[in-house]
Amino acid sequence: MKQPQSWKSLERHPLSASYEDINGEIFDEMVATAKEHGIVDRKITLCDGKVVEGWQLLRACIEAKVKPVFAGIPRDMDVDTFVKIKNDLRRHTPEGLALA
């Protein structure tokens with residue numbers, strides 16, 4: 001996948017926007033980690049030129065001034081299924097951040 005040149009101005013995909021932003025201490029830790037270690041084994045996923053997965057990571061990267069790597073959704077998967085797998089089915093998502 002071609003990496004976007006204007007990565008700091010990418011928009012959030014509507015399916016991603018249905019999830020709340022991470023803020024406060026957790027977000028501050030994400031930024032600090034990105035500054036110290038960069039992005040370890042993670043990619044921000046785009047669909048139709050918008051961030052469908054990794055919005056919180058992108059926000060942290062912008063603040064930390066660390067350029068992330070981007071990927072597209074798997075070719076054989078629709079975007080709704082992708083978002084459900086990456087968000088609703090995560091065991092580590094704090095309660096209140098996942099869709100009901």
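**Notebook: folds, charges and backbone angles**

I began with the secondary structure and counted three helices and three strands in the chain, where helices are DSSP runs of H or I with at least four residues, strands are runs of E with at least two, and numbering starts from the N terminus. The model is a predicted one, in which local features need pLDDT of at least 70 and side-chain atom pairs count only at pLDDT 80 or more, while totals for chains, interfaces and linings use all residues. Residues are numbered from 1 along each chain as its sequence is written, and side-chain values use heavy atoms, with hydrogens and water left out.

Reading along the sequence, I noted the pattern α-β-β-α-β-α. I then looked up burial and found that 35% of the 100 residues of the chain count as buried; buried means under 20% relative accessible area, exposed over 50%, and partly exposed in between, with a 1.4 Å probe and protein chains only.

**Salt bridges**

I searched the whole structure for salt bridges and noted two, the criterion being a side-chain nitrogen of Lys or Arg within 4 Å of a carboxyl oxygen of Asp or Glu. As background, side chains of opposite charge can pair when their charged atoms come close.

Lys50 counts as partly exposed because its relative accessibility is 28%.

Arg12 bridges to Asp21, and here I read 2.8 Å for the closest N and O atoms. Arg12 counts as buried because its relative accessibility is 18%, whereas Asp21, at 32%, counts as partly exposed.

**His13**

Which backbone atom does the side chain of His13 reach? I found that the side chain comes to 3.1 Å from the backbone nitrogen of Leu15.

**Negative patch**

I next looked up the negative surface patch, which Glu25, Asp28, Glu29 and Glu63 form; patch members have over 30% relative accessible area and no salt bridge, with like charges joined within 9 Å. Helix 1 (residues 24–37) supplies the largest share of this patch, three residues. Asp28 lies in helix 1 and, at 48% relative accessibility, counts as partly exposed.

**Positive phi angles**

Two loop residues took my attention for their backbone angles. Asp41 is not a glycine, yet it has a positive phi of about 55°; I located this residue in the loop between helix 1 and strand 1 (44–47), and with 78% relative accessibility Asp41 counts as exposed.

Lys65, likewise a residue other than glycine, has a positive phi near 60°. It is found in the loop between helix 2 (55–64) and strand 3 (70–72), and Lys65 is exposed, its relative accessible area being 68%.

**Helix 3**

Finally I looked up Lys86, which lies in helix 3 (residues 79–88) and counts as partly exposed because its relative accessibility is 32%. How many residues separate Lys86 and Gly54 in sequence? I read 32 residues in sequence, against a distance in space of 9.5 Å from C-alpha to C-alpha.

Methods: Patches are made of residues with over 30% relative accessible area and no salt bridge: like charges are joined within 9 Å, nonpolar side chains (Val, Leu, Ile, Met, Phe, Trp, Tyr) within 5 Å. Accessible areas come from the Shrake-Rupley method with a 1.4 Å probe; for residues, only the protein chains shown count as cover. Lys and Arg count as positive and Asp and Glu as negative; His and the chain ends are not counted. The place of a charge is taken as NZ of Lys, CZ of Arg, CG of Asp or CD of Glu. A polar contact is a pair of N or O atoms within 3.5 Å; within protein, one must be able to donate a hydrogen and the other to accept it, and residues adjacent in sequence count only if both atoms are side-chain atoms.
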